[in-house]
Amino acid sequence: MDSIKSDQLVISELTDGVIELLCKLIETPSFSTDEGGTAQLIENWFSKRNIPLERENNNIWVYNKYFDNSKPTILLNSHHDTVRPNGNYTNDPFNACINNGKLFGLGSNDAGGCLVSLIATFTYFYVRQDLNYNLVLAATAEEENSGDLGLKSILKYLKNVEFAIVGEPTLMQLAIAEKGLLILDISVKGTSSHAAHLNNDNSIYKSLEIIQWFKNYEFEKKSEILGDVKMTVTQIKAGNQHNVVPSHCNFVVDIRVNDMYKNEEVLNIIQQAMPDSVEVKPRSLHLGSSSIPKEHPIVVSGISLDCETYGSPTLSDQSVLSCPSLKLGPGDSKRSHSADEFIYIDEIKEGVSLYIKIIEGVV
């Protein structure tokens, strides 16, 4: 009993400590590409506890004390950058305010609560010598803008990673698959003319047919976990004068790709379906879908603790990983990027406890 009480006390103290850390992170602006302040706070956490760390740009990573090259590694990852606050905030986004059990502030839910819960979890396991896996925690930058100096820039340094837990708000349910993202810039070519004259090659009218195709097209392969590939036209631009028919109409298509397709496959299907007057340019092909088998030990461990599995429609740093990965964390994805963002203190407490229990099931 004494060891159980002692263990619970350690977890409680760690949880209190990372809630304090989260308050400091909220009060330190960390927009994507400008996360130096929060990186320093995270560095201070580990330095204070004599945990050696490595840092490149605004990414910090740490290994368990008894790292063994003969063992596989579990990557624990979450990000400390944020989006900019939207204009509908009614409170100060940089004031970490606790009210009725809610911790308010920019980045509290996405993904500060997840990050500090993983930091507490890693710190809890840091000195354990009886682990079947190594642990590496990476607190990374530039997730919100899919930047080049985030997680993907340090993957080459991480040792023997077999699978990953990516901290994003999932209400501590197991997101065992995540849709990829493919953004297309579409340009429909027509013939420019004076609006007063007949023109049967109006780029805007031609675009209506193409947009309708994107609205109605159904990809053949449907995922049991992630459902259909979803295509949405999100931006459109054409012309600059009321009396001139534009030569081009340009629009953007946001495509959420299920785990049945590679981004390259989706692009090829679309390009083959387009007439010669339509140009299709992908912004990137590297933000692919990701998944982990339901039979994977980390998923089985979560299920044994009454966590449910589901497929996530939102993108995370899972998209840059080549290993199996599970998205899991405290908070609710629906609060992300919202005004007056918050996370419940009890969600963080549950997050630390569940992370530890789920990892205990495999290490």
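View 1. Isoleucine 204 counts as partly exposed because its relative accessibility is 32%. Buried means under 20% relative accessible area, exposed means over 50%, and partly exposed lies in between, with a 1.4 Å probe and protein chains only. Isoleucine 204 is found in helix α4, residues 203-216. Helices (H or I, at least four residues) and strands (E, at least two) are DSSP runs, numbered from the N terminus. Together with Tyr205 and Leu208, Ile204 forms a nonpolar patch on the surface. The three have about 320 Å² of accessible area together. Patches are made of residues with over 30% relative accessible area and no salt bridge; nonpolar side chains (Val, Leu, Ile, Met, Phe, Trp, Tyr) are joined within 5 Å, and like charges within 9 Å. Accessible areas come from the Shrake-Rupley method with a 1.4 Å probe; for residues, only the protein chains shown count as cover.

This is a predicted model: local features need pLDDT of at least 70, side-chain atom pairs count only at pLDDT 80 or more, and totals for chains, interfaces and linings use all residues. Residues are numbered from 1 along each chain as its sequence is written, and side-chain values use heavy atoms, with hydrogens and water left out.

**View 2. The largest nonpolar core.** This core has 59 residues. A nonpolar core is a set of buried Ala, Val, Leu, Ile, Met, Phe, Trp, Tyr and Cys residues joined through side-chain atoms within 4.5 Å. Phe46, Ile119, Phe122, Leu137 and Ile298 touch the most other members. Helix α3 (residues 108-125) gives the most to this core: 10 residues. A second, separate core has 20 residues, including Met231, Val257, Leu267 and Met274. In soluble globular proteins, nonpolar side chains tend to be buried together.

**View 3. Leucine 137 and its contacts.** Contact means heavy atoms within 4.5 Å. Leaving aside neighbours within four places in sequence, leucine 137 is in contact with Phe46, Ile60, Trp61, Val62, Leu76, Leu118, Ile119 and Phe122.

View 4. The structure holds 13 salt bridges. A salt bridge is a side-chain nitrogen of Lys or Arg within 4 Å of a carboxyl oxygen of Asp or Glu. One of them joins aspartate 185 and arginine 283, with the closest N and O atoms 2.9 Å apart. The pair links distant parts of the chain, 98 residues apart. Aspartate 185 is in strand β9 (residues 180-189). Arginine 283 is in the loop between β14 (278-282) and β15 (290-291). Aspartate 185 has a relative accessible area of 28%, so it is partly exposed.

**View 5. Two further salt bridges.** Lysine 222 pairs with aspartate 228 in a salt bridge, the closest N and O atoms being 3.1 Å apart. Lysine 222 is partly exposed, at 45% relative accessibility. Aspartate 228 is also partly exposed, at 38%. Elsewhere, salt bridges that share partners join Arg128, Asp130 and Glu360 into one network. Within it, the closest N and O atoms of arginine 128 and aspartate 130 are 2.6 Å apart. Side chains of opposite charge can pair when their charged atoms come close.

**View 6. Histidine 80, a buried loop residue.** Histidine 80 is found in the loop between β3 (73-79) and β4 (97-99). Histidine 80 counts as buried because its relative accessibility is 6%. A polar contact of 2.7 Å joins the side chains of histidine 80 and threonine 38. A polar contact is a pair of N or O atoms within 3.5 Å; within protein, one must be able to donate a hydrogen and the other to accept it, and residues adjacent in sequence count only if both atoms are side-chain atoms. Beyond four places in sequence, the contacts of histidine 80 include Ser30, Glu35, Asn58, Leu115 and Thr140.

**View 7. Backbone details.** The peptide bond from aspartate 110 to alanine 111 is cis, with omega near -5°. Alanine 111 is found in helix α3. Aspartate 306 has a phi near 70°, a positive value in a residue other than glycine. Aspartate 306 is in the loop between α6 (297-304) and β16 (309-312), and counts as exposed, at 68% relative accessibility.

**View 8. Serine 289 in its loop.** Serine 289 sits in the loop between β14 and β15. Serine 289 is partly exposed, with a relative accessible area of 25%. A polar atom of its side chain lies 3.4 Å from the backbone oxygen of asparagine 258.
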